[in-house]
Amino acid sequence: SMNIKQEPMHAGEFLLSEGAGNISRETINVAAGPALNPGQVLGLVTATGEFAPYAPAAEDGTQSAVAILYGPLGESDIVRRGRAVVRMAEVSEAHLTGLDPEAEKDLAAHFLIVR
């Protein structure tokens, strides 16, 4: 049987287009936790100002989608520095992790348009 190796997502692979210069991206603090792939939909933990995976059932702020992780992050038990696409970009639905219809609406409010 053939062994198909799934190639991991590349940084920014989910981007279809973004604003000129560096307008679309920011350096962010990502809460401690599991490894994350590019294209992970993120929310903002209100109390700490750290980003964490979008969690629709949460009550800590992450129930609102506000950004998309740009590059991969390894697992960590401390806060990590990362890059995120936070505004003015078109993104590929097939390359996003954690997207649901509510997140899609949230992202649109930040001019992050899912195609």
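Mentor: Let us start with names. Helices (H or I, at least four residues) and strands (E, at least two) are DSSP runs, numbered from the N terminus. This is a predicted model: local features need pLDDT of at least 70, side-chain atom pairs count only at pLDDT 80 or more, and totals for chains, interfaces and linings use all residues. Residues are numbered from 1 along each chain as its sequence is written, and side-chain values use heavy atoms, with hydrogens and water left out.

Trainee: Is F111 buried or exposed?

Mentor: F111 sits in the loop between α1 (101-108) and β8 (112-114). Buried means under 20% relative accessible area, exposed over 50%, and partly exposed in between (1.4 Å probe, protein chains only). F111 has a relative accessible area of 57%, so the residue counts as exposed.

Trainee: How much accessible area does the nonpolar patch with F111 have?

Mentor: Patch residues have over 30% relative accessible area and no salt bridge; like charges are joined within 9 Å, nonpolar side chains (Val, Leu, Ile, Met, Phe, Trp, Tyr) within 5 Å. Areas come from the Shrake-Rupley method with a 1.4 Å probe, and for residues only the protein chains shown count as cover. I23, M88 and F111 form this surface patch, and their area together is about 310 Å².

Trainee: Within what arc do the buried residues of α1 fall?

Mentor: The buried residues of α1 are A103, D106 and L107. They line one face of the helix, because seen down the axis they fall within an arc of 95°. That arc is taken from the directions from the helix axis to the C-beta atoms. On the other side of α1, P101 and K105 are exposed, whereas the buried face spans 95°.

Trainee: Which strands are among those that cover the buried residues of α1?

Mentor: Look for contacts, meaning heavy atoms within 4.5 Å. The cover includes β3 (41-44), β5 (65-69) and β8.

Trainee: Which residue caps the N-terminal end of α1?

Mentor: Look for a polar contact: a pair of N or O atoms within 3.5 Å; within protein, one must be able to donate a hydrogen and the other to accept it, and residues adjacent in sequence count only if both atoms are side-chain atoms. Here the backbone nitrogen of E102 has a side-chain oxygen 3.1 Å away. That oxygen belongs to the capping residue, D100.

Trainee: How many salt bridges does the structure hold?

Mentor: Side chains of opposite charge can pair when their charged atoms come close. The cut-off is a side-chain nitrogen of Lys or Arg within 4 Å of a carboxyl oxygen of Asp or Glu. The number of salt bridges here is four.

Trainee: How many residues apart in sequence are the parts tied together by E26 and R87?

Mentor: E26 and R87 meet in a salt bridge (2.7 Å, N to O). E26 lies in β2 (residues 25-30) and R87 in the loop between β6 (80-85) and β7 (89-91), so the parts they tie are apart in sequence by 61 residues.

Trainee: Which residue forms a salt bridge with E90?

Mentor: E90 is partly exposed at 25% relative accessibility. Its closest N and O atoms in the bridge are 2.8 Å apart. The pair links distant parts of the chain, 25 residues apart: strand β7 and the segment after β8. The partner of E90 is R115.

Trainee: How are K105 and E102 separated in helical turns?

Mentor: Their side chains meet in a salt bridge (3.4 Å, N to O). K105 is exposed at 54% relative accessibility, and E102 is partly exposed at 42%. They are three residues apart in α1, so their separation is about one helical turn.

Trainee: Which side chain joins T62 in a polar contact of 2.5 Å?

Mentor: T62 lies in the loop between β4 (51-53) and β5. At 3% relative accessibility, T62 is buried. V45, buried at 13%, touches E50, A52, D60 and T62, not counting residues up to four places away in sequence. The polar partner of T62 is D60.

Trainee: What distance separates the C-alpha atoms of S76 and V30?

Mentor: S76 is in the loop between β5 and β6. Leaving aside neighbours within four places in sequence, S76 contacts A32 and G33. S76 and V30 are 46 residues apart along the chain, and their C-alpha atoms are separated by 9.8 Å.
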